[in-house]
Amino acid sequence: MIASVDGRVAAVSPDGAVVEVGGIGLAVQCTPGTIARLQVGESARLATSLVVREDSLTLYGFADDDERQLFELLQTANGVGPRLAQAVLAIHPPREVRRAVSMADVKALMQVPGIGKKGAERLILELRDRLGATTTDTQLDGVVAPAGLPGVTPVAPWRDQLTSALVGLGWTAKEADAAIVQLAPLADEQVTASGSVEVAVLLRQALRMLGRS
């Protein structure tokens, strides 16, 4: 199993990145939140999980070991494969997944595309006794500082993170700024509702906006 990769980020895309390790470019599938913290040309470490199928080998990358472990644990639930497990982490950070399961918050889990009411109830039933407390999040409010990505500035405002992600994906700083201006009200709503801003959610919205334009 490939537990982690550490090297130069050669490329980023809306659903993953290429990390050069020992002269080999490894394609890693990542959530938008992880992609937002990566910069082309800079070094990064990603915790990884290799999913082996008869016709494919897929490497999934995460901001830290805690996120990877939760990704693997989610797949122990009936009907949850790697894509759905990654979708859960794309919508909710690990601490929110644990909260939703422990508090039987069906509505929170139903925010994940592909999870209906019965699926959410099954996740809660099967995982409630297996999920532990978050160990790698260094703060609970604002932007979380993941232990798995040294060299990244996790305490930067959401605007800086989103700008870096969009520029890294090929848009100009001017285009990124225009998207950020339109997304500011959505970010304000997030802060009002939860006290924090989920960069992954804003990145997905920005990609949709820029794709249409």
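**Ground rules**

Residue numbers start from 1 along each chain as its sequence is written, and side-chain values use heavy atoms, with hydrogens and water left out. Since this is a prediction, local features need pLDDT of at least 70 and side-chain atom pairs count only at pLDDT 80 or more, while totals for chains, interfaces and linings use all residues.

**The overall layout**

The chain has nine helices and five strands, where helices (H or I, at least four residues) and strands (E, at least two) are DSSP runs numbered from the N terminus. Along the sequence they come in the pattern β-β-β-α-β-β-α-α-α-α-α-α-α-α. Of the 213 residues, 46% count as buried; buried means under 20% relative accessible area, exposed over 50%, and partly exposed in between, with a 1.4 Å probe and protein chains only. Take contacts between residues at least 6 apart in sequence, and 54% of them join residues at least 24 apart. Contact here means heavy atoms within 4.5 Å.

**Helix 2 and its neighbours**

At the start of the helix, a side-chain oxygen of aspartate 64 comes to within 3.2 Å of the backbone nitrogen of aspartate 66. Aspartate 66 itself has a relative accessible area of 3%, so it is buried. Its side chain also makes a polar contact of 2.8 Å with the side chain of arginine 98. For the record, a polar contact is a pair of N or O atoms within 3.5 Å; within protein, one must be able to donate a hydrogen and the other to accept it, and residues adjacent in sequence count only if both atoms are side-chain atoms.

Arg98 is also part of the meeting between two helices: Asp66, Glu67, Leu70 and Leu74 in helix 2 meet Pro94, Val97 and Arg98 in helix 4. These helices pack at an angle of about 40°, with their axes 10 Å apart. Axes are lines fitted to C-alpha atoms, for helices over the stretch in contact, and angles run from 0 to 180 degrees between N-to-C directions.

**The aromatic cluster**

Tyr60, Phe62 and Phe71 form one aromatic cluster, and the structure holds two aromatic pairs. Rings of Phe, Tyr and Trp (its six-membered ring) pair if their centres lie within 6.5 Å; planes under 30 degrees apart count as stacked, over 60 as edge-to-face and the rest as tilted.

| Pair | Centre to centre | Angle of planes | Class |
|---|---|---|---|
| Tyrosine 60 and phenylalanine 71 | 5.1 Å | 35° | tilted |
| Phenylalanine 62 and phenylalanine 71 | 4.7 Å | 45° | tilted |

Tyrosine 60 sits in strand 5 (residues 56-62) and phenylalanine 71 in helix 2, 11 residues apart. Both of those residues are buried. Phenylalanine 62 counts as buried too, at 0% relative accessibility.

**The annotated spans**

The UniProt record, an unreviewed entry, places "domain: Helix-hairpin-helix DNA-binding motif class" on residues 72-91 and 107-126; such annotations may be inferred rather than shown by experiment. Residues 72-91 are 65% helix and 0% strand, with end C-alpha atoms 16 Å apart. Residues 107-126 are likewise 65% helix and 0% strand, with end C-alpha atoms 17 Å apart.

Leucine 125 lies in helix 6 (residues 117-127). This leucine is exposed, with a relative accessible area of 71%. Leucine 125 and alanine 77 are 48 residues apart in sequence and 9.2 Å apart in space, C-alpha to C-alpha.
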